[in-house]
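Have your viewer open and your selection tool ready. We will go from stop to stop, and at each one there is something to pick and something to look at.

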Amino acid sequence: MISRIWGWPNEMRQRILVILGSTRQGRAGAAVSRWLMDQLQRRDQVDFELVDLRDVPLPFFNHPLPPASGQFAPEVKSWAETVGAADGYVIVTPEYNHGYPAVLKNALDHVYREWNRKPVAFVSYGAAGGGYRAAEQLRSVAVELQMVPIREQLAIPFVWTASPSPVRSASREPIKQSSVWSTSSLVRSPQTGAV
Ligand SMILES: Cc1cc2nc3c(=O)[nH]c(=O)nc-3n(C[C@H](O)[C@H](O)[C@H](O)COP(=O)(O)O)c2cc1C
């Protein structure tokens with residue numbers, strides 16, 4: 001499942017990848033990410049693209065070289081390009097046993113430089129804790145990947161009861177504002193790549 005919300009063409013537009021980290025049969029993640037994409041309406045300078053990890057068939061990471069080398073197996077190149085083409089990320093994660101799904105960690109581990117120096121926001125869901133523990137773990141992984149995790153976060157408790165709209169409207173504005181703030185304030189320099 002790949003869907004896009006594109007606005008008017010402009011070289012300066014920021015491109016945010018929304019990564020759905022759940023691939024389980026019957027997952028709630030599909031509804032959460034659909035709802036999120038609906039909230040991330042067209043903005044003047046930002047395009048949001050949803051990538052479903054079901055559509056990214058990666059092997060379990062087993063490459064002889066670290067991804068920081070920039071050397072990828074043929075089946076990983078497309079994922080590396082997708083990650084590299086984005087200016088920032090929103091990771092949508094469920095909580096599994098107080099962590100996040102293995103398929104998501106695998107997708108994160110497969111590339112390295114492509115994540116560097118880019119902001120990342122989290123939308124988590126689960127039972128009572130709303131997936132907070134999964135998101136907290138992702139924050140430390142994001143730092144190691146040289147991403148810039150932003151503070152504001154959406155957490156959806158008891159996700160199976162949250163229908164049709166997973167969260168109340170008051171709590172969704174911060175993530176929209178923050179992803180726009182973080183992506184526009186962390187624009188990479190064309191010469192150095194520095195933030
Ligand atoms: C293997 C497994 C472990 C889970 N562990 C937790 C947990 O530790 N904390 C929690 O809040 N919810 C937990 N849940 C509930 C899930 O967060 C909830 O079922 C959610 O819908 C899973 O996301 P998904 O439907 O997109 O796969 C667990 C669910 C599964 C399948």
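In which loop does alanine 162 lie? Select alanine 162 and you will find it between β6 and α5, the helix that covers residues 173–185. Please keep in mind throughout that this is a predicted model. Alanine 162 has 18 other C-beta atoms within 10 Å, so it is partly exposed.

**The whole chain**

Zoom out and colour by secondary structure. The protein has five helices and six strands, and along the sequence they follow the pattern β-β-α-β-α-β-α-β-α-β-α. Of its 195 residues, 36% count as buried. If you draw the contacts with a separation of 6 or more, 82% of them come from residues 24 or more positions apart.

**The nonpolar core**

Next, select Val18, Ile19 and Val92. These residues have the most contacts inside the largest nonpolar core, which has 42 residues.

Neighbours within four places in sequence aside, valine 92 is in contact with Val18, Ile19, Leu20 and Gly21, with Gly29, Val32, Ser33 and Leu36, and with Val123.

**Helix α1**

Several of those contacts lead to our next stop. Select the buried residues of α1, which are Gly29, Val32, Ser33, Trp35 and Leu36. Around the helix axis they cover an arc of only 160 degrees, which puts them on the same side of α1. Show the strands as well: the buried residues of α1 pack against β2, β3, β4, β5 and β6.

**Helix α4**

With 13 residues at 1.5 Å a residue, α4 should span 18 Å, and its end C-alpha atoms are 19 Å apart, which agrees. Then select Ala134, Ala135, Leu138 and Ala142, which are buried. Look down the axis of α4: its buried residues fall within an arc of 90 degrees, so they line one face of the helix. The buried residues of α4 pack against β4, β5 and β6. Turn the view around, and the face away from the buried side shows the exposed residues Ser140, Val143 and Glu144.

**Two residues with positive phi**

Most residues other than glycine have a negative phi. With that in mind, which loop holds glutamine 146? Glutamine 146 follows α4 and lies in the loop between α4 and β6. Its phi is near 60 degrees, a positive value in a residue other than glycine. Glutamine 146 has 13 C-beta neighbours inside 10 Å and so counts as partly exposed.

For another case, select asparagine 97, in the loop between β4 and α3. Phi of asparagine 97 is also positive, near 50 degrees. Asparagine 97 counts as exposed because it has 7 C-beta neighbours inside 10 Å.

**Last stop: tryptophan 115**

Tryptophan 115 is found in the loop between α3 and β5. Is tryptophan 115 buried or exposed? It is buried, since 20 other C-beta atoms lie within 10 Å. Finish by showing its contacts: beyond the neighbours within four places in sequence, tryptophan 115 is in contact with Val83, Leu145, Gln146 and Met147.

Technical notes
Residues are numbered from 1 along each chain as its sequence is written. This is a predicted model: local features need pLDDT of at least 70, side-chain atom pairs count only at pLDDT 80 or more; totals for chains, interfaces and linings use all residues. A nonpolar core is a set of buried Ala, Val, Leu, Ile, Met, Phe, Trp, Tyr and Cys residues joined through C-beta atoms within 7 Å. A residue is buried if 20 or more other C-beta atoms lie within 10 Å of its own, exposed if 12 or fewer, and partly exposed in between; C-beta atoms are placed from the backbone. Two residues are in contact if their C-beta atoms, placed from the backbone, lie within 7 Å. Helices (H or I, at least four residues) and strands (E, at least two) are DSSP runs, numbered from the N terminus. The expected span of a helix is 1.5 Å times one less than its number of residues. The arc is that of the directions from the helix axis to the C-beta atoms.
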